[in-house]
Amino acid sequence: MTRLLLLLLTSSATLLVFGLWIPLKAVLAQEMLEVAWAESQARQVESRPWPWADTWPVARLAIPALNDSMIVLADTHGESLAFGPGRLAGGDDGNGAVIIAGHRDTHFRGLNALEAGNEIRLQGRNGRWRSYRVENARVVDSRSERIDAQQLPAGTLLLVTCYPFNSVDAGGPLRYVVRARADGITAPREQIDTVAGI
Amino acid sequence: MMLSNDLLRLYSPCSHRCPAPGRSAVVSEARCGHVPARSAPPSFLSKFRHRPSNRTLEGVSLWLAVLLMLFVHPLYAEASETDDVGQLHFVDDRGQWQEPALVLGSEFDIRVGGLIADSRLLRSFRNTSDQWREGVFVFPLPDKASVYGLTMKVGERTIEGKVQPKETARRTYEKAKQAGQHAANVEQQRPNLFTARVANIPPKETVSVELKYQQPVGYQAGVFELSLPTTLTPRYMPGTPIRPSTDQWQSGWALPTIEVADADAISPFTVKPADVAEGSHRASIELLIDAGLPLEEVSSPSHQLVTSQDGQTVTVRPAEGSILMDRDFVVRWRPLAGREPSAAVFYQSWQGEDYLLAMLVPGQIGKRVLPRELVFVIDTSGSMAGESIRQARSALQAGLQTLTPRDRFNVIRFNSQAHALFMQPEIASGNNLARARQYVDRLRAEGGTEMAPALSLALQDREGGEEESPRVRQVIFITDGAVGDEAGLFRQIRQQLGDQRLFTVGIGSAPNRHFMREAARWGRGTYTAIHSASDVSGPLQALFSAMESPVLTDIQVQWPGQEAGIESFPRRAGDLFQGEPLIYVARGVSAMGELRVSGRLPGGEAWRKTLDLQQAASGTGLYRHWAREKIDGMQDEARVSGQEPDKAAITELAVAHGLMSAYTSFVAVETTPVRMPETPLAPDNLPTLLPAGSEVGMLRYPQTATAAPLLIALGLVGLMFSVAIVLLQRRALP
């Protein structure tokens, strides 16, 4: 009986630790990504946050309404979403649409609080901030819809995360898509300019 | 992560039964949550009697309970919320995602007689759901197909369709749909793209639509070819959407744009074969070739064939029985060596009018190699991703190999933007060729298909550089033609062409053949199709030798008898390349006398040939072919003059000949209603299959949730459980 109890206790504790490790990892990774992001902006190269990483920072996403800011990684393959939101489509040049996906229980947890008119800011590697306004948000079924990036007008930003927000099912088919449109390019931040000049 | 995956799998059976995934977990956790809650109050009373460790345990369990309640509360709130979210129309009332309800079957029955192939295409829509359905299916047909019949089959009954002006037919259909009658409507969206609508398909039943169409058989360099498109490559729609809309990607259909006003009608949802129901999107094909001459070989670059011969008639079937509709079905047949026809005449009398179809192959007409200026244009848009871009690269490499040091060349690649390798065409020196090879090897497919700037770049006027000898300037355009604004591009080619020639090379499992053929025609060149990676060298060899050979220009035909009553098409033949036949169809000529054809060789000498019309064999469907050619001719004229085509005249011609056209479509309506007006009818847009070898152009939504909430919930529940047991044990002990 005691042994069984011990087993239950340890396995539950392990589960809890694993469960808590995921959000912790998301927070810790962002700290490391800050360093890599600063370096990639300074040197204008793809700099990997740790030597064995299969991804690198490509942008900074700031959501003033949520008082939140995070580093966006290239692509969404493998484990990269655990460290930060991934950019599915879109480049630094500002042509075409930008699509960013993130985990609903870590980085994109606050997405459901976004409302039409809220500001979203995106900074490219060249240091330029681009400001977007939320247009709408909707729920899609990933089994019956795809994103046609070519059809989206330039200057569109899509933030994708899982839906419903508090579900425990990690494999659900529904996605929450926030659509935002660019206001225009705002002036680059001065401290970035000086770093880029090195 | 292994651990969490196992947990998910254990968890999943419940989520099928439960209305919302969260709920079952919530219920069980809530029950667990009560255990310590109930046991807690007595422990408070007895806390002074127990050891301090016991008190800590109770404190811990209380904290755990509070934590769990905090954690579980939003889950519970969410579970009660999801029941009435109105947007989730693709989830039925039991929370199950609905599979596409209609299963599509296709049967092709094709008979080839002479130069015309006559086909019956039976499309069956089987409703697997418990609801009444309307099926909408966008499908391709051969690019020169003349559709002349529609029959709807419901059970034992057959209803013949009628040709009507497009808007009238659509109204008839919509009225019948509302009234609950069986109805079918087939419309032409592009010369090679059609939409079938079938209304009121009863639950668990099948409604079939039989289309009759004919198409000319291709004949080039002694080989006959028939191609049967089964799916389409998703088209790129340039321009901005006409109306900004929130349902931008509603079930995968594109929105109309300024340049392609009917984008939504020609862009069905494209899926992988695994995403359609078992047995759906398969076609059975039977092809009967009555060539009228002994055949040496029947082959296909796309599928394995089973052939059986009976005299001069050959029956062809695909070896695998029914084929998956994800690539064009192509059959080629070759007469015995030395027996290739160099001329043929067919005759038919219809409604008191005589129709003649004449074919003439000029044959070998000398060879003279001029220094050339070759511009290769390669499409690197997203629709080319996968097998297509590899084929395109190897086609381009093969093209580079044909260059001699006397030639100049350039390579232009385009997707959303066009980019040229050299500022202006360069001499084909070893150095430049090596650079080009490297450039080509590095090409990747992504982005849009903005063809217009690439065409401008390729067809731009040559600058300066007076040369000692004139160069023949040729543009080779390698693409899958996945564009929606064909007409605009043809206009551009006509305006910018000058004395250049444009050759198109079609790539992929389902290229837009209409665009390829017409672009080459407006560009005074030829169209070559590549079907698979193994099929690259043969057709390209033929193309490059045709490009080196001179062409026959200024072709004139003279029919016997008085000119007045004769209407012959094409009005003006284009220039002729090595191995190509001249094909004319005429009305008002009886099978008597001689047809005279003359032309000019590149050196300036005249070329003449006569054809004895009395040798004519009887043919079928010539009048339809004639009417189709006449309609095409009228649309060409409108394009050249920049006016709208004469809609009334085309409608009248098409109705008189029982043909579908851009302005006429078929509609079949059963007279008695079958569906009660109060029974709902659900629309079902059937997807088309992604062409084999190409990659999904559209992005899938990534997986964007972690197992963290599940792990935390399970961990907390487990811990509470253990603490509760420990507490109970302590209490049980004296």
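Reader: Which residues of β21(B) point one way and which the other way?
Author: In this predicted model, B:R372, B:L374, B:F376 and B:I378 point one way from the strand, whereas B:E373, B:V375, B:V377 and B:D379 point the other way, and all of them are buried.

Reader: And why is β21(B) largely enclosed by the rest of the structure?
Author: Eight of the eight residues of this strand, residues 372–379 of chain B, are buried, so β21(B) is largely enclosed by the rest of the structure.

Reader: Which strands does β21(B) pair with, then?
Author: Seven bridges join β21(B) to β25(B), residues 472–479, and these two run parallel; β21(B) also pairs with β22(B), residues 408–414, in the parallel sense over seven bridges.

Reader: Switching to α10(B): which of its residues are buried, and where do they fall seen down the axis?
Author: The buried residues of α10(B) are B:L540, B:L543, B:A546 and B:M547, and, seen down the axis, they fall within an arc of 125°, so they line one face of the helix.

Reader: What do those buried residues pack against?
Author: The buried residues of α10(B) pack against α5, β25, β26 (501–506) and β27 (527–529) of chain B.

How values were computed: Residues are numbered from 1 along each chain as its sequence is written. Chains are lettered from A and ligands numbered from 1 in the order in which they are written. This is a predicted model: local features need pLDDT of at least 70, side-chain atom pairs count only at pLDDT 80 or more; totals for chains, interfaces and linings use all residues. A residue is buried if 20 or more other C-beta atoms lie within 10 Å of its own, exposed if 12 or fewer, and partly exposed in between; C-beta atoms are placed from the backbone. Helices (H or I, at least four residues) and strands (E, at least two) are DSSP runs, numbered from the N terminus. Two strands pair if DSSP finds at least two bridges between them. The arc is that of the directions from the helix axis to the C-beta atoms. Two residues are in contact if their C-beta atoms, placed from the backbone, lie within 7 Å.
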